[in-house]
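Please look over the structure below.

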Amino acid sequence: MAGGGFVVQEGRNYEGGITTFVLVTCLVAAMGGLLFGYDLGISGGVTSMPSFLAHFFPSVVKKMKSVHESEYCKFDSELLTLFTSSLYLAALVASFAASIITRKFGRKPSMFIGGLSFLFGSILNGVANSIALLIIGRLLLGVGVGFANQSVPVYLSEMAPAKIRGALNMGFQMAITIGILVANLVNVGTAKIAGGWGWRVSLALAAVPAVMMTVGSFFLPDTPNSILERGYTEKAKKMLQKVRGTDDVQEEFQDLVDASESAKMVDHPWTNIMKPQYRPQLVMCALIPFFQQLTGINVIMFYAPVLFKTLGFGDDASLISAVISGGVNVLATLVSIFTVDKFGRRILFLEGGVQMFICQILVGTLIGVKFGLNGEGTLTKVDANMILFLICVYVSAFAWSWGPLGWLVPSEICPLEIRSAGQAINVSVNMFFTFVIAQVFLSMLCHMKFGLFYFFAGFVLIMTVFIYFFLPETKNVPIEEMNRVWKAHWFWTKYIPNEAVIGGPVEKHGGDV
């Protein structure tokens with residue numbers, strides 16, 4: 001069977017090392033992930049709080065109290081899911097505006113706009129007294145997420161040296177997981193506030209990561225790639241020297257200049273990315289975020305407390321269970337940070353896919369045995385602990401594979417002339433399917449019951465096979481040399497012209513896998 005996926009194309013080794021300057025700037029930039037993570041974690045916790053539901057969604061409270069309602073359907077409310085999913089629809093639209101701003105004005109302004117929008121949204125949500133104001137606040141949060149997710153991964157990939165690009169880029173995913181965990185801990189605390197207004201604190205505290213990103217964006221330097229893209233050659237070279245910690249950056253800088261000259265010939269990156277020579281990037285920037293959402297992870301992250309509550313965990317137990325899975329998420333992300341540049345992207349994708357598939361089959365089967373098709377049944381303590389254990393194993397697999405790699409790979413494979421368009425596609429596809437899953441999950445749980453876990457397991461199987469055959473290894477390859485990898489791949493080689501490969505064409509690597 002033709003393959004070639006295991007071939008590793010090492011790029012040229014540029015001068016310079018890992019500087020404190022680049023580590024600090026990437027750490028500050030990665031804080032943009034806190035916005036996304038905090039919101040992912042806070043939404044599910046708040047929507048499981050009785051006081052919040054009674055204030056905005058009394059029909060759900062009525063369903064919860066009904067003895068005739070199936071356990072699978074107690075939270076099935078389109079208005080309730082709109083509260084969660086509206087953010088991602090706004091993020092989808094915002095990502096296209098962010099693409100233009102990121103390309104024309106640099107990565108920093110996008111980060112600033114994202115932080116400011118998220119700040120205003122968190123304030124509105126904290127003081128909301130009507131569903132309308134609540135949704136408007138969510139839409140502003142969505143604009144913030146769209147701008148942050150568009151600019152931060154690209155910023156990290158451009159600033160990082162090739163040999164640790166994976167680890168530094170994963171700082172974004174690490175910040176997302178920390179945001180989720182912090183939100184889960186906040187929910188546990190605010191749920192105990194007497195008077196039933198704890199949900200306001202949970203929502204308003206989103207202002208904290210918003211302020212961190214807004215202020216941080218003022219102090220961050222722009223990337224050499226972005227500076228060069230806007231025509232400031234000498235300034236870009238000085239920034240590259242500062243970032244790499246050496247004056248001897250001529251080889252890397254020349255590659256950036258060559259890429260920038262190619263990019264300047266492209267007036268419309270959106271039409272350019274549709275050309276055959278960019279087919280690998282287009283496919284990956286569309287399918288990787290699509291598959292990332294079809295792992296079912298956001299079902300766990302959005303609705304973990306709701307899901308645990310549906311399965312018979314009590315109010316406190318459901319929130320604490322979400323904290324446990326959130327903690328596993330953080331620890332497992334550390335695994336990817338320390339292994340992605342050593343073992344590569346492919347092995348993490350493939351191992352994570354197998355692990356997630358097994359866990360989803362087991363969770364679906366266990367829930368099916370206990371609740372059947374009619375949704376009537378109870379969980380023993382052993383059953384509940386087993387489901388929590390399997391979900392944690394599933395979350396850990398996602399956290400060292402599709403979670404961070406879903407952002408890393410699309411941000412590192414696009415040449416400069418289509419980078420803003422490629423990242424916009426990545427973010428918009430991600431946000432669109434995040435919106436779809438968030439909007440229909442509770443209804444799907446009601447109608448598909450335990451079969452929902454088999455549904456996601458089927459997609460995990462498909463995406464794992466896709467990665468095996470179509471994604472080449474990209475570790476240690478400088479961004480501007482990435483076409484060498486595609487040219488050496490058994491399937492994508494036919495799309496890449498020889499002149500698109502820096503340093504000339506490379507020897508093809510086929511092989512059987």
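Helices H8 and H20 lie oblique to each other. The model is a predicted one. H8 covers residues 165-190 and H20 covers residues 402-413; their axes come within 9 Å and cross at roughly 130°. The crossing of H8 past H20 is right-handed.

On the H8 side, the contact is made by Arg165, Gly166, Asn169, Met170, Phe172, Gln173 and Ile176. H20 contributes Gly403, Pro404, Leu405, Trp407, Leu408, Ser411 and Glu412. By type, the residues of this contact of H8 with H20 comprise seven nonpolar, five polar and two charged.

Turning to the aromatic rings, 31 aromatic pairs are found in the whole structure. One of them joins Phe290 and Phe459, whose ring centres are 6.2 Å apart. Their planes stand at 80°, so this pair is edge-to-face. Phe290 belongs to helix H15 (residues 279-293) and Phe459 to helix H22 (residues 451-470); the two residues are 169 residues apart, and the pair thus links distant parts of the chain. Phe459 has 22% relative accessibility and therefore counts as partly exposed.

Tyr468 and Phe469 also form an edge-to-face pair, with 5.0 Å from centre to centre and 90° between the planes. Tyr468, at 25% relative accessibility, counts as partly exposed. Phe469, at 18%, counts as buried, because the cut-off for buried is under 20%.

Terms used. Residues numbered from 1 in each chain as written. Predicted model: local features only at pLDDT ≥ 70, side-chain atom pairs only at ≥ 80, totals over all residues. Heavy atoms only, no water. Axes fitted to C-alpha atoms, helices over the stretch in contact; angles between N-to-C directions. Helix = DSSP H or I, 4+ residues; strand = E, 2+ residues; numbered from the N terminus. Parallel < 35°, antiparallel > 145°, perpendicular 65-115°, else oblique. Left-handed = near helix turned anticlockwise from the far one by under 90°. Contact = heavy atoms within 4.5 Å. Nonpolar A, V, L, I, M, F, W, Y, C, P; charged D, E, K, R; others polar. Phe/Tyr/Trp six-rings, centres within 6.5 Å; stacked < 30°, edge-to-face > 60°. Buried < 20%, exposed > 50% of the residue type's maximum accessible area, 1.4 Å probe, protein only.
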